[in-house]
Amino acid sequence: MAAGPTPADPFDRRSDAEAGAPGPVVTLEPGLRRVACPNPSPMTFTGTRTYIVGRGEVAVVDPGPEHPGHLETILSALEPGERVSHIVLTHTHIDHSPGVPALKARTGAQTCAFGAHGAGRSARMETLAASGAQLGGGEGGDRGFVPDRTLADGERLEGAGWALTAIHTPGHISNHLAFAVEADGMSPGAVLSGDHVMGWATSIVSPPDGDMAAYMASLRKLQGRGDRVFHPGHGHPIEDPEAMLAHLIAHRESRVQQVIAALPSPGMPGKDALEMARGIYTDVDPALLGAAARNVFSVLIGLVEEGRAEHEGVLSDTAKFRHR
């Protein structure tokens with residue numbers, strides 16, 4: 001989701017046309033093609049990015065939503081004699097995974113992901129959900145998807161002349177994977193970063209599937225790898241991953257300080273996440289204010305657990321919070 005511009009903002013918010021992209025299918029480098037889905041929205045920017053890895057027998061990463069036109073574009077991007085051997089998901093949000101069944105029906109490919117929707121949810125979120133907390137969230141989840149093969153953190157998926165190494169990056173959603181890409185003729189250091197690190201905005205972190213503590217840990221997990229480029233699920237390639245990761249960490253830490261500053265003092269009337277989001281995300285498209293409130297709520301959960309904030313009644317996404 002968009003968080004608004006910040007000083008020295010590294011995000012590339014150009015449209016495909018502004019960036020000079022020649023069409024819906026772009027060869028990014030040897031062994032890696034990008035197919036743009038025509039599903040623009042405030043939450044998807046110019047559309048979901050589908051990737052084709054390899055040549056000959058290929059993997060398709062994130063087929064996108066259920067969109068017949070996009071399915072045909074993916075298939076038409078294949079060269080004569082090529083076939084899809086694997087369908088791979090970064091995560092199970094509805095702009096990334098509902099296109100799987102139709103593509104599988106046309107290709108017979110094996111589906112691969114970390115797990116079904118909700119897999120990998122943190123113990124803290126499972127405990128909160130079991131406690132009776134009314135967390136809301138769960139928006140945009142593809143709950144019908146079950147992979148043929150699950151991929152653990154660090155597991156390597158190999159095809160004919162290509163390989164994808166799974167990097168579990170929960171936070172935006174618990175079953176999120178990024179993938180380090182290898183392909184014949186391709187320089188090392190490319191990562192498909194999904195919605196964890198995007199080329200146009202920060203990610204929504206919506207409990208219980210989203211977890212801000214896990215998200216921050218996943219950002220730090222990607223630091224220091226020496227990656228050359230991130231190819232995200234939305235937006236344009238990130239040419240300096242280390243700078244982007246440092247920016248995102250600093251940006252999220254500054255948001256935490258803004259939430260702390262927005263909390264009323266002890267004994268004062270509390271505020272809910274949406275009230276605080278209106279005062280913090282002053283430069284955000286109004287269509288994204290609800291998503292901003294989910295980010296604020298995820299921060300508030302952490303502050304409550306740290307003993308720095310309290311809430312009235314049962315913990316919920318509409319509860320009133322104040323300094324403890």
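## Helix H5

The expected span of a helix is 1.5 Å times one less than its number of residues. In this predicted model, helix H5 covers residues 241–262, and its 22 residues reach 31 Å from the first C-alpha to the last, close to the 32 Å expected at 1.5 Å a residue.

Much can be said about where the side chains of H5 go. The buried residues of the helix are Pro241, Met244, Leu245, His247, Leu248, Ile249, His251, Arg252, Arg255, Val259, Ile260 and Ala262.

## The open sheet and its helices

Seven strands make up an open sheet with mixed pairing, and their order is S1-S2-S3-S4-S5-S6-S7. Strand S1 (25–29) and strand S7 (149–150) stand at the edges with a single partner strand each, so one side of each has no neighbour in the sheet. S1 and strand S2 (residues 32–36) run antiparallel and are joined by four bridges, and within this pairing Thr27 has Arg33 in S2 as its bridge partner.

Helix H1 (residues 68–76) packs on the sheet, where it touches S1, S2, strand S3 (49–53) and strand S4 (57–61), and its direction makes about 160 degrees with that of S2. Helix H2 (residues 100–107) also packs on the sheet, touching S4, strand S5 (83–88) and strand S6 (110–113), with its direction at about 150 degrees to that of S5.

## Salt bridges around Arg124

Side chains of opposite charge can pair when their charged atoms come close. The model has 24 salt bridges, and two of the pairs described here involve Arg124. The side chain of Arg124 meets that of Asp211 in a salt bridge, at 2.6 Å from N to O. This pair links distant parts of the chain, 87 residues apart, with Arg124 in helix H3 (residues 123–130) and Asp211 in the loop between strand S11 (190–194) and H4. Asp211 counts as buried because its relative accessibility is 4%, under the 20% cut-off, whereas Arg124, at 22%, counts as partly exposed.

Arg124 also forms a salt bridge with Glu305, and the closest N and O atoms of that pair are 2.6 Å apart. Because Glu305 lies in helix H7 and Arg124 in helix H3, the pair ties together parts that are 181 residues apart in sequence. Glu305 itself is partly exposed, with a relative accessible area of 44%.

## Further charged pairs

Arg294 and Asp317 meet through their side chains in a salt bridge of 3.3 Å, N to O. Arg294 belongs to helix H7 and Asp317 to the loop between strand S13 (309–311) and S14, so that this pair, too, links distant parts of the chain, here 23 residues apart. Arg294 counts as buried at 9% relative accessibility, while Asp317 is partly exposed at 28%. Salt bridges with shared partners also join Arg121, Glu126 and Asp209 into one network.

## Cysteines

A disulfide is a covalent bond between the sulfur atoms of two cysteines. A search of the whole structure finds zero disulfides.

Terms used
Residues are numbered from 1 along each chain as its sequence is written. This is a predicted model: local features need pLDDT of at least 70, side-chain atom pairs count only at pLDDT 80 or more; totals for chains, interfaces and linings use all residues. Side-chain values use heavy atoms; hydrogens and water are left out. Helices (H or I, at least four residues) and strands (E, at least two) are DSSP runs, numbered from the N terminus. Buried means under 20% relative accessible area, exposed over 50%, partly exposed in between (1.4 Å probe, protein chains only). A salt bridge is a side-chain nitrogen of Lys or Arg within 4 Å of a carboxyl oxygen of Asp or Glu. A disulfide is a pair of cysteine sulfur atoms within 2.5 Å. Two strands pair if DSSP finds at least two bridges between them. Contact means heavy atoms within 4.5 Å. Axes are lines fitted to C-alpha atoms, for helices over the stretch in contact, and angles run from 0 to 180 degrees between N-to-C directions.
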